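Open the model in your viewer and keep the sequence panel beside it. This tour goes stop by stop, saying what to select and what is there.

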Amino acid sequence: MDDLDTMASKSVSARPGLLNPSRPVRSLSVVFWLWKTIVFLVVVGCPGPGYDTSTSLLPQQGVGSLSLSAPLKFVRWDSIYFVHIAESGYVFEQEWAFSYGFGKTIAFLSSVLSPWDNVLDGSAKIAIAGVALSHLAHYLSVLALYRLSINVFGQETTTQRLVCFLSAALHIISPAGAFLSAPYGEPVFSFFNITGLYIYSSSVLDNEVGKSVLRNAKLLLAALVFSAATVVRSNGFLSGFLFAYDALVQLQRLLSRGVSVDAFVHLGVVVISGCILALGFVVPQLFAYAQYCMTEDVSRPWCRRLIPSIYGWVQDNYWFVP
């Protein structure tokens, strides 16, 4: 370990400028925005419609609009669904395969650009809002990952600090590439999920030093953040395994050591946290159920299932994913 620390110290001292773990936030910020500038210029500079012509399906509103300008260069593949949902809501059943939270959020943010209605059409405004939100969410997720890495690996030695720094730096140049700049739900989901993990890991550290009140508050906050992540992408529901495992640990503690106030309260908070997280999965489906299953004119096959999940139906019926 001493040899690793020595090597890490030399590596850090050899790079006092751009990549300097001794100034992590500044260095990560500079690297992030340089990388994003490169990605932005590559996407905007690509000639023609590119490999995917789905943007041409968006309605063009006015000859003088900027509907074919830089913002819509990012509207490719699945992002056309997000833009359409933000602009028109869930018109088609298969659109429920895409983020409920992200579409609603960029629709709200695009309203800020209403003074430019005579220049930008609806799709362009929503694309700008989506691109801006994705950039901001990706940046914040990088910082959250750095703090999460400190909780996991520590920061007492130079090697630990370097590992934490590199983990966040690698998230900047993620293989997802332009998808983390486009109007996609992934950057927002990444921010919420990593932030939730950071808060949860902080609650574990608080528990180790006996800060039970702070631990419980952070568990509830982590659940809220995980729930927001689940609204953006339904697979955020998998974060619930953290609370399920925690509940089993506390239950085993109660059975083996007897009932204690702290263990009982801890178990109760964990169960409540799991329920909060589950709401992020259940609530959007309730909206879909009300739209498709509680009216006389519309009744879809999935409404009659034992567990009427529109997510499962759309994946199976439209995307052929059982």
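**First stop: histidine 135**

Select histidine 135, which has its place in helix α5 (residues 122-153). Helices here are DSSP runs of H or I with at least four residues, strands are E runs of at least two, and both are numbered from the N terminus. This is a predicted model, where local features need pLDDT of at least 70, side-chain atom pairs count only at pLDDT 80 or more, and totals for chains, interfaces and linings use all residues. Residues are numbered from 1 along each chain as its sequence is written, and side-chain values use heavy atoms, with hydrogens and water left out.

Is histidine 135 buried or exposed? Histidine 135 counts as buried, at 10% relative accessibility. Buried means under 20% relative accessible area, exposed means over 50%, and partly exposed lies in between (1.4 Å probe, protein chains only). Histidine 135 and proline 183 are 48 residues apart in sequence. In space, their C-alpha atoms are 9.4 Å apart.

**Zoom out: the whole chain**

Show the chain as a cartoon. It has eleven helices and zero strands. Along the sequence the pattern reads α-α-α-α-α-α-α-α-α-α-α. Of the 322 residues in the chain, 44% are buried.

**Helix pairs**

Select helix α7 (residues 186-208) and helix α8 (residues 212-232). They pack at an angle of about 165°, with axes 8 Å apart. That makes α7 roughly antiparallel to α8. Axes are lines fitted to C-alpha atoms, for helices over the stretch in contact, and angles run from 0 to 180 degrees between N-to-C directions. Angles under 35 degrees count as roughly parallel, over 145 as roughly antiparallel, 65 to 115 as roughly perpendicular, and the rest as oblique. The crossing of α7 and α8 is left-handed. A crossing is left-handed if the near helix is turned anticlockwise from the far one by less than a right angle, and right-handed if clockwise.

Helices α9 and α10 pack at about 160°, with axes 9 Å apart. That makes α9 roughly antiparallel to α10. α9 and α10 cross in a left-handed way.

**Salt bridges**

Side chains of opposite charge can pair when their charged atoms come close. A salt bridge is a side-chain nitrogen of Lys or Arg within 4 Å of a carboxyl oxygen of Asp or Glu. How many salt bridges does this rule give? The count comes to five.

Select glutamate 93 and arginine 300. Their side chains meet in a salt bridge, 3.0 Å from N to O. This pair links distant parts of the chain, 207 residues apart. Glutamate 93 sits in the loop between α3 (79-88) and α4 (100-110), and arginine 300 in the loop between α10 and α11 (310-317). Glutamate 93 is buried, at 6% relative accessible area. Arginine 300 is partly exposed, at 25%.

Next, select glutamate 186 and arginine 233. The closest N and O atoms of this salt bridge are 3.0 Å apart. Glutamate 186 lies in helix α7 and arginine 233 in the loop between α8 and α9 (240-257), so the pair ties together parts that are 47 residues apart in sequence. Glutamate 186 is partly exposed, with a relative accessible area of 27%. Arginine 233 is partly exposed too, at 30%.

Move to aspartate 262 and arginine 215. Their side chains form a salt bridge, 3.2 Å from N to O. Aspartate 262 is in helix α10 and arginine 215 in helix α8, 47 residues apart. Aspartate 262 is partly exposed, at 29% relative accessibility. Arginine 215 is buried, at 1%.

**Last stop: a surface patch**

Select phenylalanine 287 in helix α10 (residues 261-293). This phenylalanine is partly exposed, with a relative accessible area of 42%. With Phe287, they make a nonpolar surface patch of about 420 Å². Patches are made of residues with over 30% relative accessible area and no salt bridge: like charges are joined within 9 Å, nonpolar side chains (Val, Leu, Ile, Met, Phe, Trp, Tyr) within 5 Å. Accessible areas come from the Shrake-Rupley method with a 1.4 Å probe; for residues, only the protein chains shown count as cover.
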